[in-house]
Amino acid sequence: MEQMCSMLSAVQQNGALGGTHEYPTTQSMNQSVGSFSKLGLSDKDGGFNLRGKRDPHVVSLACKMVGGGSDGSLDLCARLCLIDDDENIIFHAYIKPQIPVTNYRYEMTGIHAEQLRDALPLKQAQRKIQDFLCNGEAIWKIRSKGGKARILIGHGLDHELDCLGIDYPSLLIRDTANYPPLMKTSKLSNSLKYLTSAYLGYDIQTGVQDPYEDCVAAMRLYMRMSSQAHPGDNQMYGEAQNRNSYATWKQRELERATPEELLNISASDYYCWCLDSKMN
């Protein structure tokens, strides 16, 4: 039997994971962002806003997609936001897709043609984000512990990174769409909108959607889950990297154990985010 970082009872009792917490409404969050020019960057320049701030090790990314193709169903990233773990915007830009946009999905994205006409080309955005995430490390040298590369948070990151054309090691990706404690079943994800309402206690995506809002929600979910106590001290059983790698003597010992003994040493068969604090 697997043990998970306990959370469901806390949600049911408090309406927010791990206790009662006050979060801003969507309107107040949008007001707090204000004009990007006040942050030293614009919607077009695609610059990083790190002046006077520490270099973040954990960042959250979100995109908003417009449609391409003959029926407008092909997702094309047209707006991208990146924040640090203090919820400060460190990158924001409209992105110019490489193929024509046939559906701006204006009711959901709020994006129109004029905003993309002089936007940052996709190839430039791809290179900027890739370099920022790797943080000076060659992508083939990135490892899970002790490196400079950044942990990337988001929801549905496989799709978003694919749309951006970015390849990033899965060992540094923390996706709220496929983290087992946050999923409906082992194969079915919950939406970010649902997770934010159920676990953080406020609503998002109620009108025109803002990637900053999605970044913040994913980051808060990650911070809550990573702050949970790890189930037991047997970390070698809980780390996905060490599954099925026991020495021969240990395998024989496990074969002789009673069901109760096996239960006592059992742990989750996925990588618990609460172990991230031990990575560096």
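Where is the place of Leu 157? Leu 157 sits in helix H6, which spans residues 157-164. The views below come from a predicted model.

View 1. Buried here means under 20% relative accessible area. Apart from neighbours within four places in sequence, Leu 157 is in contact with Leu 61, Leu 152, Asp 162, Ile 173, Arg 174 and Asp 175. Cys 63 lies 94 residues away from Leu 157 along the chain. The C-alpha atoms of Leu 157 and Cys 63 are separated by 9.4 Å.

**View 2. Helix H6 has buried residues along one face.** The buried residues of H6 are Leu 157, Glu 160, Leu 161, Cys 163 and Leu 164. Seen down the axis of H6, these residues fall within an arc of 160°, so they line one face of the helix. The face of H6 turned away from the buried side carries two exposed residues, Asp 158 and Asp 162. Asp 162 is also a contact of Leu 157.

**View 3. Strands and a helix cover the buried residues of H6.** Which elements are included in this cover? Among them are strand E1 (58-68) and strand E2 (74-84). Helix H5 (122-134) is included too. So are strand E6 (151-154) and strand E7 (173-175). After H6 comes Gly 165. The phi of Gly 165 is positive, near 75°.

**View 4. His 155 lies in the loop between E6 and H6.** What does the side chain of His 155 reach? The side chain of His 155 reaches the backbone oxygen of Asn 190 at 3.2 Å. A polar contact of 2.7 Å also joins the side chains of His 155 and Thr 176. Leaving aside neighbours within four places in sequence, His 155 is in contact with Glu 160, Asp 175, Thr 176, Ala 177, Asn 190, Ser 191, Leu 192, Leu 195 and Ala 218. Of these, Glu 160 is one of the buried residues of H6. Asp 175 is in contact with Leu 157 as well.

**View 5. Two segments of the model have pLDDT under 50.** The mean pLDDT of the protein is 80. Of its residues, 73% reach 70 or more. Over residues 1-44, pLDDT stays under 50. The model has 90 contacts beyond four places in sequence for residues 1-44. Residues 233-243 also stay under 50. For residues 233-243, the model has 25 such contacts.

Conventions:
Residues numbered from 1 in each chain as written. Heavy atoms only, no water. Helix = DSSP H or I, 4+ residues; strand = E, 2+ residues; numbered from the N terminus. Contact = heavy atoms within 4.5 Å. Buried < 20%, exposed > 50% of the residue type's maximum accessible area, 1.4 Å probe, protein only. Arc of directions from axis to C-beta. Polar contact = N/O pair within 3.5 Å; in protein donor to acceptor, adjacent residues only side chain to side chain. pLDDT = per-residue confidence, 0-100.
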